[in-house]
Amino acid sequence: MSKTVICPGSFDPVTRGHLDIITRASKMFDRVIVAVLVNSSKTPTFSIDERIQLLGETVQELSNVEIVSFDGLLAEYCRKRGVDAIVKGLRAVSDFEYEFQMAIANKKLNPKLETVFLAADADSTYLSSSMVREIGSMGGDISNFVPACVHDRIVAKLTKNG
Ligand code: PNS
């Protein structure tokens with residue numbers, strides 16, 4: 001049976017760590033929905049349109065990956081779209097407690113919804129969007145941290161804001 005999974009997140013902005021998880025999910029499952037959360041308590045640096053555009057360019061060679069935005073509960077969105085599982089990357093033990101809580105809550109809300117954790121690639125264990133924003137806005141080199149095809153646009157935005 002065909003399996004659809006979702007990679008949800010803020011993607012503010014997309015990093016090489018995100019790309020690694022999305023790429024691996026696209027090889028393991030039939031269909032991958034990359035879902036950008038619209039309303040979160042955090043004020044994003046990149047607008048929803050910018051985040052979607054950067055993600056779209058980043059994954060353009062992965063034919064079974066779709067980029068969407070979503071609002072409200074992830075478990076409900078997954079129910080509407082017939083998603084079988086949430087795919088998340090785990091970078092370190094420090095990620096685990098929060099991710100484990102979310103996995104259980106999402107399963108309570110939608111009992112058919114599984115969560116699959118992928119161990120982050122060794123090169124991505126230290127990497128986060130907030131680190132990219134901080135280093136980039138202070139003029140540091142972020143070329144190892146973000147996908148090459150969107151590097152210049154991310155730098156332009158971060159240095160304009162800085
Ligand atoms: O990249 P992030 O900010 O760590 O992603 C967090 C995200 C978007 C996966 C999480 O905040 C989420 O699923 N939000 C949607 C609202 C929701 O369903 N909350 C209950 C989660 S148990």
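**Ligand site and selected residues in a predicted model**

The ligand is surrounded by 13 residues, the closest being Gly9, Ser10, Lys42, Gly72 and Leu74. The model is predicted: local features need pLDDT of at least 70, side-chain atom pairs count only at pLDDT 80 or more, and totals for chains, interfaces and linings use all residues. Residues are numbered from 1 along each chain as its sequence is written, and side-chain values use heavy atoms, with hydrogens and water left out.

The ligand sits in the largest pocket. A pocket is defined on a 1 Å grid over the protein atoms alone, as an open set of points where a 1.4 Å probe fits, with protein on both sides within 12 Å along at least five of seven lines. A molecule sits in a pocket if more than half of its atoms lie within 2 Å of the pocket's grid points. Strand S1 (residues 4–9) and helix H4 (93–109) each supply at least two residues of the shell. H4 gives the most, with three residues. Helices (H or I, at least four residues) and strands (E, at least two) are DSSP runs, numbered from the N terminus.

An N or O atom in the side chain of serine 10 is 2.6 Å from a ligand oxygen. For lysine 42, a polar side-chain atom lies 2.8 Å from an oxygen atom of the ligand. Leucine 74 instead places a backbone N or O atom 2.8 Å from a ligand oxygen. On its own the ligand has 550 Å² of accessible area, of which the protein covers 75%. Accessible areas come from the Shrake-Rupley method with a 1.4 Å probe.

Threonine 4 lies in S1. Its relative accessible area is 7%, so threonine 4 is buried. Buried means under 20% relative accessible area, exposed over 50%, and partly exposed in between (1.4 Å probe, protein chains only). Threonine 4 touches Arg31, Ile33, Gly82, Val83, Asp84 and Ala85, residues up to four places away in sequence not being counted. Contact here means heavy atoms within 4.5 Å.

The loop between S1 and helix H1 (16–28) holds proline 13. A cis peptide bond joins this proline to aspartate 12, with omega about 5°. Phenylalanine 11 is in the loop between S1 and H1 too. Its phi is near 50°, a positive value in a residue other than glycine. Phenylalanine 11 is buried because its relative accessible area is 5%.

Arginine 24 is found in helix H1. At 27% relative accessibility, arginine 24 counts as partly exposed. Beyond four places in sequence, arginine 24 touches Leu118, Ala119, Ala120 and Asp121. Glycine 139 is 115 residues away in sequence and 31 Å away in space, C-alpha to C-alpha.

Leucine 62 occupies the loop between helix H2 (48–58) and strand S3 (65–70). Not counting residues up to four places away in sequence, leucine 62 touches Ile22, Thr23 and Ser26. Its C-alpha atom is 9.5 Å from that of valine 32, 30 residues apart along the chain.

Serine 128 is found in the loop between strand S5 (114–119) and helix H5 (129–137). Serine 128 counts as buried because its relative accessibility is 19%. Beyond four places in sequence, serine 128 touches Thr15 and Arg91. The side chain of serine 128 also makes a polar contact with the side chain of serine 130 (3.2 Å). A polar contact is a pair of N or O atoms within 3.5 Å; within protein, one must be able to donate a hydrogen and the other to accept it, and residues adjacent in sequence count only if both atoms are side-chain atoms.

Terms used:
Near = heavy atom within 4 Å. 1 Å grid on protein atoms, 1.4 Å probe; cavity = no way out; pocket = protein on both sides within 12 Å on 5 of 7 lines; lining within 4 Å.
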